[in-house]
Amino acid sequence: MPLRQDYLPYPYTFSEIHLSLLLDAHSTQVRTRLLFERKAGFETDTLVLDGEQIELISIALDGKTLSQTDYVLTDKTLTLHNVPKSGELVTTTTCAPIKNTSLSGLFATGKHLMTQCEAEGFRRITYFADRPDVLTVYTVELIADKVTYPVLLANGNLLEAHDLDNGLHRSLWHDPFPKPSYLFAVVAGQLAHIEETIEHNGQSKLLQVYVEPHDIAKAQFALDSLKASMKWDLARYGLPLDLERFMIVATSDFNMGAMENKGLNIFNTKFVLAHPDTSTDVDFEHVEAVVGHEYFHNWTGNRVTCQDWFQLSLKEGLTVYRDQEFTADQLAQGLSESEAQSARAVQRIGNVMNLCAAQFMEDAGPMAHPIRPNAYEEINNFYTMTVYEKGAEVVRMYETLLGRDGFRRGMDEYFKRHDGQAVTCDDFRMAMADANGMDLTQFARWYEQAGTPRVHAQGRYDAAAQTYTLTLSQSNPAVGIELEEVNLVKPPLHIPFNLGLIDSVTHTSLPLNPAGAQTLTLNLTETTQSFVFEHIPHAPIPSLNRNFGAPIQVQFDYSEAELLTLLACDTDAFNRWDAGQQLFTRAILRVMNGQTQATVLDEALLERLNRLLNDMSLSPAYRAVLFTLPSFATLSQRVQQTQLLDPQALFSARETVVNALAKALASQWQNTYNQFNLNKPYEYNGSAAGERSLKNLALSYWAKADAAAWDAVQTQYHQADNMTDRYSALNTAIQNFSEQSNTLIEDFYQRFANEALVIDKWFTAQATRTSGEFSHMHDSLTQLMAHPAFTNPNPNRLRSLIFAFCNSNPRHFHQANGAGYQFWAEQVLVIDAKNPQVASRLARTCEHWRTFAEPYQAQMKRALTRIAQANTLSDDTREIVHKALRIQ
């Protein structure tokens, strides 16, 4: 098992690597020429290169062909002894892309060949030191049949392209910037593209987006997003594109979202293709965000990369933070100041909803780990919410502590020191600290500790002295692998804690310092600290961790009246929303625990909600998130803090509250729907998307309250000029009008049978149907898996059906007899045989089995044990399942 503490630098440098690939789906030949030199201070004469699932044809050192007695070859490495201090190593190898169903290395996808080398895929192409701290200048020659593979792409700048004899053609690419092997990329295939040459930072740049020919009409938004990303990064951080061209390629066979290969980004089609007819508003937002994310990696990940994979959050957490800021600015573009603030708040709420539903759950389970892990069994399992999303929150805290200008100074210092290097999270922290003259030593603990910190807050008001004392206490109990450590002590973190105070009488925000600031950042650095505020005229209501300034769970004993005040008056949009979430959560848990009262939802809450729904000063997008109840996943974590979870009871309780809210405001939902159902031509921007969001939420509530809404549902479905409205109507029909929805389900398939990403939506809509009995759901799953559109499913199709059912349909997945869990186990084993990375992600579905009540706990354990006892199991999936069964 690799350990962070065992890191040793690689003893050799490679000044150049020259690759020549004769591309063929069945057998690709790779000739590799390496120029190596031993580093000063290293005495070794042994050169060890990584390589697997490739065949060595020949090897020569300084022009001399080596025999089998001159090297040691295993299924993982190629080792040469007695090598000179410097020299040239030439190898010829072959690999079989068409057999590579793992989609790591060089693989065949449809009529194309593509690569995915992060984290350890390059070793499946040729022998090399396949680790992120070995940076090399690449020159790549591609040769292929011109009819079969008319497009030949690699990293960097194109030097040559011409035809050869025998129907072959050749291209030669050179990337002048040293990079690690995980950023290497090759694309060959029958692709169409759009392109544009722009002026950028005083230079001409060629931008290209490559897609399947039939998808060419869906590529423009990705190109526009790329241009917006370039403009934003240059303006915000002074970071320009450094190559002559930048290319984006889309493929439907991809394990992840996208890959930031230097100058040649390879994307899952889901995050490139966008068109109103086939993509929802959420799809458009995701395309823009992911295009931005991968482009931003050009500096935060490529120009400055990771010393080792333990530092993964160095590039991913930082770049997620950058793409979140970019998306917020894009959604706010062209709006008034108040509208822009609302748009940013909605985007922030969406990020935090995602974090709380998934990353907080990860932090409480057997796979819990710090954003910089200390050990791993399989690196592919650490591309996690913790590394990405919590990592982004840690970066956000730097900006909270330093301010935007201070954060920019830190970024400038980081690039000044480390451009062209492979570095660590500590290097980034020190650049931030030194550029701002701030001691961030204690802040390093965020990289060292797993778990979601808890901050318990208590307030005391002294009316005579007109002072308010807020006492904060932090804790972070051991989780995951930490539970196996003896005498573990987790010292206090440095938590920037954003605070506001609301006057309980005037309901206005109080000034917290002489400058009149209504939000103050407190530095919580001790286990317990008290902060005293003077000139407070009345007992205040604290607004805690404003804008979710730190990734923590705050515990404060609010009364319902205080939460109602915050919901009505808090000037922090995030905490205003959060007050509503707390009130909804309390109502749901009361129902689940049988704590009956006269009404499911309190009259005072309903009155406040009615006002908010009709408050025209609030943007439609913000009203939509205000009325979106906490997800089942978020509620599960809340329950599991104090008791074992009965998933059926929780699902039923949530539905009860949803239905109560729908019926209590039934006429208002209909009015809101009619107000925004204006049949305006589709355009994608933050304002228009917000209106559609509220309209479709109103339709879903109206449909729960009144069967007469069916006419509006089917009318919207048939008359919609965009996928957002059509797909929303389809989902509303499936969840509320089960029998009538069958005609819409069939119509949807017939309309979009040739649109792969839309058919993914079709599968998901049916996999997440919560009505009916499990036997009907199981029959439906069986039929869908036998559907021609599910033959040889790629990762997107697997996620659309199998993952959607197991992770997003709690009512049918959690069966007392374990039928849903046995279905899950079967699918994990089937997928693992072909694609371990995808299987290991599905395997995480039941890792929290210990937090469930019986009989669910025993049934989950039984399904996990079935997987663990399989005769053949990948390292990826084995780690997940064994940790789930082992760690308490």
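Let me start with a pair of residues that face each other: L49 stands opposite L78 in strand β7. What you have on the screen is a predicted model, so please hear everything I say as a description of that model. The two strands behind this pair are β3 and β7, residues 77-80, and they pair in the antiparallel sense over four bridges. They belong to an open sheet of three strands, in the order β3-β7-β6, with antiparallel pairing. The edge strands are β3, residues 47-50, and β6, residues 71-73, each of which pairs on one side only. On average, and with direction ignored, neighbouring strands of this sheet are turned by 15° against each other. For those of you who are new to this, strands of a sheet pair through backbone hydrogen bonds, either parallel or antiparallel.

Now let me turn to strand β20, where both kinds of pairing can be seen. Which way do β18 and β20 run relative to each other, parallel or antiparallel? Strand β18, residues 245-251, is joined to β20 by five bridges, and the two run parallel. If you want a place to look, T251 has N268 of β20 as its bridge partner. Strand β19, residues 258-259, is joined to β20 by two bridges, and here the strands run antiparallel. In that pairing, A258 stands opposite F267 in β20. The hairpin of β19 and β20 has four residues between the strands, and G263 takes a positive phi near 75° in it.

Next come the helices, and I will begin with α17 and α18. Helix α17 covers residues 723-736 and helix α18 covers residues 741-752, and their axes come within 9 Å and cross at roughly 145°. The crossing is left-handed. On the α17 side, the residues in contact are M723, R726, Y727, L730, A733 and I734, and they meet S741, L744, I745, F748, R751 and F752 in α18. Sorted by class, this contact has nine nonpolar, one polar and two charged residues.

Nine of the 12 residues are buried, so α19 is largely enclosed by the rest of the structure. What do those buried residues pack against? Their partners are α2 (281-296), α17, α18, α20 (774-785) and α21 (795-808). Among the buried residues of α19 are W762 and F763, but also D760 and K761.

Helix α9, residues 573-592, has 20 residues and reaches 29 Å from its first C-alpha to its last, close to the 28 Å expected at 1.5 Å a residue. Of those 20 residues, 15 are buried, so α9 too is largely enclosed by the rest of the structure. After the helix comes G594, whose phi is positive, near 70°.

Most residues other than glycine have a negative phi, and most peptide bonds are trans. Q466, however, has a positive phi near 50° although it is not glycine, and it lies in the loop between β23 (454-462) and β24 (467-475). N545 is another non-glycine residue with a positive phi, near 55°, and it is found in the loop between β28 (540-544) and β29 (553-555). Is Q466 buried or partly exposed? Its relative accessibility is 34%, so Q466 counts as partly exposed, whereas N545, at 2%, counts as buried.

Finally, there are cis peptide bonds to point out. One joins E118 and A119, with omega about 5°, and A119 is found in the loop between β10 (112-116) and β11 (136-145). Another runs from E854 to P855, with omega near 5°, and P855 lies in the loop between α24 (836-843) and α25 (856-868).

Technical notes:
Residues are numbered from 1 along each chain as its sequence is written. This is a predicted model: local features need pLDDT of at least 70, side-chain atom pairs count only at pLDDT 80 or more; totals for chains, interfaces and linings use all residues. Side-chain values use heavy atoms; hydrogens and water are left out. The expected span of a helix is 1.5 Å times one less than its number of residues. Buried means under 20% relative accessible area, exposed over 50%, partly exposed in between (1.4 Å probe, protein chains only). Two strands pair if DSSP finds at least two bridges between them. Axes are lines fitted to C-alpha atoms, for helices over the stretch in contact, and angles run from 0 to 180 degrees between N-to-C directions. A crossing is left-handed if the near helix is turned anticlockwise from the far one by less than a right angle, and right-handed if clockwise. Contact means heavy atoms within 4.5 Å. Ala, Val, Leu, Ile, Met, Phe, Trp, Tyr, Cys and Pro count as nonpolar, Asp, Glu, Lys and Arg as charged, and the others, Gly among them, as polar.
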